[in-house]
Amino acid sequence: MSYLQRAQELYEQMVQDRRCLHQRPEVGMDLPETTEYVRKRLTEMGYQPQQLGQGITATATGTPHGKVFLLRADMDALPMKEKSGLPFASQRNCAHTCGHDMHTAMLLGAAQMLKEREHELNGTVKFMFQPGEEVLSGAKSMVEAGILEHPHVDAAMGAHMIPGIPVGLGGYGMGVVSASSDHLVIRIEGKGGHGAHPHTTVDPINIGVHIHLALQALICREVDPADAAVLTFGKFQGGEAANIIPSAVVMEGTLRTFNEELRARLLARIEAVCTHTAEAFRGSAQVTTLGSVCALAVDEETARSVTEGWRQEGLNMLQRGDKMSGSEDFAEVAAKVPSTFFVVGGGTAEDGCGVGLHSPEIRFREEALIYGAAAYASGAAAWLREH
Ligand SMILES: [Zn+2]
Ligand SMILES: [Zn+2]
């Protein structure tokens with residue numbers, strides 16, 4: 001029986017897992033109910049799951065001393081109210097609007113299939129169920145906790161649901177497929193006072209406005225037109241009243257690039273522009289980075305080996321060339337070991353699944369679980385067969 005056929009048989013169980021997780025979403029790095037659920041399900045399958053950092057790991061081994069292929073799913077939700085209208089919608093102040101409940105359920109399905117065929121595996125499959133993808137800390141913290149060692153990981157694969165693509169179809173890219181992301185906080189200090197006496201103050205709003213304009217000029221004057229970079233400030237806060245000059249202003253934004261050299265250069269230039277612009281107007285500015293992740297690069301050989309396995313399974317995966325300006329913290333794994341990444345079609349607009357990720361109304365067709373689970377399991381098995 002193929003992995004795809006077996007995934008079809010496991011559909012009801014994966015739906016049950018998905019809905020259970022969907023109803024009880026948790027945000028950030030600390031996911032006690034979710035990790036307990038995953039730990040319990042893996043134990044039922046015959047695994048000996050371990051807590052690693054704030055995530056869960058387990059292994060399936062056929063040939064001992066063979067190579068190790070890592071499969072990763074993220075488990076965290078977003079701090080927003082769900083408006084999907086689904087009978088199993090979250091009643092909490094957080095919701096699985098990025099589909100990480102689907103990722104966890106499909107990797108549980110893959111784990112079940114790989115356990116059933118463990119003796120056939122030419123090596124080891126290691127599972128990584130991570131927290132904190134949305135806060136860009138989960139993968140990094142599990143790498144620091146040692147997920148890539150004991151046993152040492154030779155290659156890895158991650159996945160993400162994508163709405164707007166028919167169920168049964170998926171895609172993968174080559175080279176850099178998602179952007180780096182740096183969450184920047186700029187605190188500008190001035191000297192507050194009466195709005196009628198600006199000369200006795202140092203106006204941080206004035207400084208903030210000049211900093212904002214100067215930073216946008218970095219993007220259009222210092223980035224090679226063949227490269228791409230985005231610098232958005234979604235938060236600009238300061239002041240209480242029309243006639244009071246405040247003493248400080250805070251700006252928060254995000255820098256996205258597809259190139260580590262450019263990213264490092266822009267981060268240095270942002271710091272310099274903020275400091276010098278603030279000084280020019282007699283104030284000061286301090287730049288800090290709250291969360292960051294590098295760009296996600298797909299390794300060609302790993303992608304080829306995995307997709308060959310999919311072809312043998314009859315899985316319909318298209319190569320998509322487009323980069324996403326979104327970020328993906330699996331990049332922290334891909335920066336350390338050769339990796340590939342695939343997207344799973346979650347249904348089209350005609351299916352009622354046309355709304356984008358992070359939207360409160362997002363829905364997925366649950367049949368996508370079958371294809372995601374089969375892609376994870378058959379991809380890992382095929383890579384091990386070849387290496
Ligand atoms: Zn997301
Ligand atoms: Zn996501």
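Analyst: Happy to: what follows starts at the metal, moves to the cysteines and ends with the nonpolar cores. Please keep in mind that this is a predicted model.

Let's begin with the zinc ion (ligand 1). Its donors are C98 through SG, E134 through two OE atoms and H358 through NE2, at 2.0 to 2.8 Å. Along the chain these donors follow the spacing C-x35-E-x223-H. What do the angles say about the arrangement? The 4 donor atoms subtend angles of 51 to 148°, so the arrangement around the zinc ion (ligand 1) is irregular. To count as tetrahedral, four donors would need all their angles between 85 and 135 degrees. For reference, the ideal angle for four tetrahedral donors is 109.5 degrees.

The site also has a neighbor: the zinc ion (ligand 2) is 3.1 Å from the zinc ion (ligand 1), and C98 coordinates both. C98 sits in the loop between β3 (67-74) and α4 (100-116), while E134 sits in the loop between β4 (123-130) and α5 (138-145), so the pair ties together parts that are 36 residues apart in sequence. In terms of accessibility, C98 is buried, with a relative accessible area of 7%, whereas E134 is partly exposed at 21%.

The disulfide count is 0, with a pair of sulfur atoms required to be within 2.5 Å. C94 is in no disulfide, and the nearest cysteine sulfur to it, that of C98, is 14 Å away. C294 is likewise in no disulfide; its nearest cysteine sulfur also belongs to C98, 18 Å away. C94 counts as buried at 11% relative accessibility, and C294 counts as buried at 10%.

Finally, the nonpolar packing. The largest nonpolar core has 84 residues, and those with the most contacts inside it are L42, L71, F127, F129, F342 and Y376. Helix α10 (residues 368-386) supplies the largest share of this core, 12 residues. For a closer look at one member, F127 touches Y47, I56, T57, A58, A60, L71, L107, A111, L114 and I147, leaving out residues up to four places away in sequence. Apart from this core lies another, of 24 residues, including L215, M251, V273 and V287. As general background, nonpolar side chains in soluble globular proteins tend to be buried together.

How values were computed:
Residues numbered from 1 in each chain as written. Chains lettered and ligands numbered in written order. Predicted model: local features only at pLDDT ≥ 70, side-chain atom pairs only at ≥ 80, totals over all residues. Heavy atoms only, no water. Donors = N, O, S within 2.8 Å, 3.2 Å for Na, K, Ca; no water. Tetrahedral: all angles 85-135°; square planar, octahedral: opposite > 155°, others 65-115°. Helix = DSSP H or I, 4+ residues; strand = E, 2+ residues; numbered from the N terminus. Buried < 20%, exposed > 50% of the residue type's maximum accessible area, 1.4 Å probe, protein only. Core = buried A, V, L, I, M, F, W, Y, C linked by side-chain atoms within 4.5 Å. Contact = heavy atoms within 4.5 Å.
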